[in-house]
Amino acid sequence: MDKFVIEGPTKLSGTTFTSGSKNASLPMMAAAILADGAVVLNNVPRLRDIDTMCKLLNGLGCICEWRGENRLKVDCSSISSDFAPYDLVRKMRASILVLGPLTARLGSAHVSLPGGCAIGVRPVNLHIAAIKAMGGDVQIENGYIKAKAKKLRGATIYFDIPTVTGTENVLMAAALSEGKTVIKNAAKEPEVVDLARMLKKMGARIEGEGESTIEIEGVDRLCGVEFTVMSDRIEAGTFMCAAMITGSEITIKNPPLDAMDAIIDKFLEIGGELERVDDGILVRGCERIKPTMIKTAVYPGFPTDMQAQFMAVLSLADGTSIIEETIFENRFMHVAELNRLGANIVVSGNRAVVEGVDGLVGASVMATDLRASASLVVAALAAKGKTEILRIYHLDRGYESLEEKLKRLGAKIWREKQ
Ligand code: EPZ
C-alpha cells in the first residue's frame with residue numbers, strides 16, 4: 001500500500017486545473033448500458049473508481065477502451081450479462097448505478113448489495129423501491145439484488161431523501177421504460193443534471209432536471225453519443241482549501257463555477273479572496289482564517305463532500321467553528337487524525353466543535369475514506385514538519401494525479417511504498 005509524505009508548512013503558487021468529475025463520470029458510464037451504440041466520454045478522470053466501473057462493465061460484456069488520456073469509449077451494444085459481483089461492488093458503492101440501466105435494457109439485473117462504507121450504512125432501499133414501483137420484481141437473495149421486468153413502466157416515484165445515485169438510477173431506468181415517470185423530491189446535484197443532459201443527447205425525453213420534480217417520457221431506444229463530462233467541483237473546492245490553509249495565491253483552471261456557490265460563499269466568509277480570470281479563478285488565502293458555522297445539506301446547500309476539507313482549514317481559524325454533518329451518520333473519521341496533527345476538535349453526535357489552534361505539527365496519520373484523506377493532505381500542507389498519510393488508495397479513488405498537481409504548485413509531497 002502506498003503512503004504520502006508531506007513536508008510543511010509550504011506556500012503554494014502557480015496554476016492548477018480541475019479534472020473531470022468522478023461523480024458525473026460514473027453514472028454516465030452506467031448510462032452507456034442503455035445505448036444501442038458506443039458512447040464516447042471526454043474529460044473522464046483517470047481514477048481507481050473509474051477503473052472499477054470499467055471492470056464491472058467489461059464483466060457485463062461491454063467494451064471499455066481509453067481512446068486518449070481522458071477519452072473513454074464504452075460500447076455496450078454486445079452486452080451479455082446482468083451480473084455485478086460483490087467483489088467489485090464492495091470496492092465501489094457507485095456500482096449500484098448499473099441496477100436501473102440493466103433492468104431497463106435487459107429486463108433483469110443481478111447486482112450485489114453494496115454494503116456499507118466508512119462514512120455510513122449507505123442503504124439502497126430507495127433505489128429498490130423505485131424499481132419495484134416501475135413494475136420490477138425485486139428480490140434480495142444471498143446479499144444480491146435480483147430484479148426482473150419484462151418492460152419497466154413509468155410511475156410516480158417519491159424519494160423521502162433526495163438521493164443522488166437513486167435519482168440517477170431512476171433517470172436511466174425511466175428513459176427506456178414505457179410511459180411517463182415523475183420523480184418527486186429528486187436530487188438537484190449538478191452531476192445529476194449533467195447525466196440528464198447526456199441522456200437527452202442520447203434521445204431521452206427529460207424535463208425538470210435540477211429541480212425537485214423531474215419528468216421522464218420513456219422511449220424505445222437510446223443511441224450512442226459523444227459527451228464531455230463536467231469538471232469536478234469537489235476537487236476545485238479542495239484546491240481552494242489548500243490555498244486557504246497555506247495562505248497562498250493560486251489559479252485554478254476550468255472549475256465548474258456555476259456549481260460552486262455554496263463552496264465559494266463559505267470560502268469568502270472565512271476570509272478567502274477570489275477573482276475570475278480567463279477560464280478559471282484566482283484564489284487567495286488569508287493570514288487569519290475566520291471561524292464559521294457549517295451545516296452540510298443537499299444541493300444547492302454546502303456539500304457533505306467538502307466538509308472534511310473545510311474542517312482541516314478551520315482547525316487553524318481564529319476562534320471556534322461548528323460543523324454539523326446532516327447527510328451521513330459517520331463522516332467524522334478524519335477528526336481523530338486531524339487531532340493527531342495538533343487540531344483541537346471535539347465530536348458530539350453529528351456536530352464537531354473545532355477550536356482553532358495556532359499551528360499543526362506533522363505526524364503519521366491514516367486515511368479512512370476519500371474526502372477524509374483529502375482533508376489530511378490539506379492539513380499536512382500547513383503542518384510543521386513531516387506528515388505521513390497511510391492508505392492513500394482512498395485518495396486514488398477520487399483525485400486524479402493529486403501529488404503531481406500539488407508538486408507543480410510548490411508542495412513538498414511524494415508517494416512512497418508503505
Ligand atoms: C452520492 O452518493 C455521491 N457519490 C457521494 O460522494 C456524496 O457524498 C453523496 O451523493 C451525497 O452528496 C456518487 O455520486 C458516486 P445519497 P449517494 O444516496 O448517492 C441515504 C464522494 O466522496 N440513503 O444522496 O450514495 C444515505 O444513507 C462520494 O465522492 C438512504 O437512506 O448518496 C445518505 O444518508 C461519497 N437510502 C443520504 O441518503 C437510499 O436508498 C444521501 O445519500 C439511498 C440513500
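Biologist: Which element gives the most residues to the shell around the ligand?
Modeller: This is a predicted model: local features need pLDDT of at least 70, side-chain atom pairs need 80 or more, and totals for chains, interfaces and linings use all residues. Residues are numbered from 1 along each chain as its sequence is written, and side-chain values use heavy atoms, without hydrogens or water. Elements are DSSP runs numbered from the N terminus: helices (H or I, at least four residues) and strands (E, at least two). With 3 residues, the top giver to the shell is α5.

Biologist: Which residues come nearest the ligand?
Modeller: A residue counts as near if one of its heavy atoms lies within 4 Å. There are 21 residues around the ligand. Those that come nearest are Asn-125, Thr-163, Thr-165, Asp-305 and Ile-327.

Biologist: How far is an oxygen atom of the ligand from an N or O atom in the side chain of Asp-305?
Modeller: For the side chain of Lys-22, the distance to a ligand oxygen is 2.9 Å. Arg-371 also has a side-chain N or O atom 2.9 Å from a ligand oxygen. For Asp-305 the value is 2.6 Å.

Biologist: What share of the ligand's exposed area does the protein bury?
Modeller: Areas come from the Shrake-Rupley method with a 1.4 Å probe. Alone, the ligand exposes 840 Å². The protein buries 88%.

Terms used:
Polar contact = N/O pair within 3.5 Å; in protein donor to acceptor, adjacent residues only side chain to side chain.
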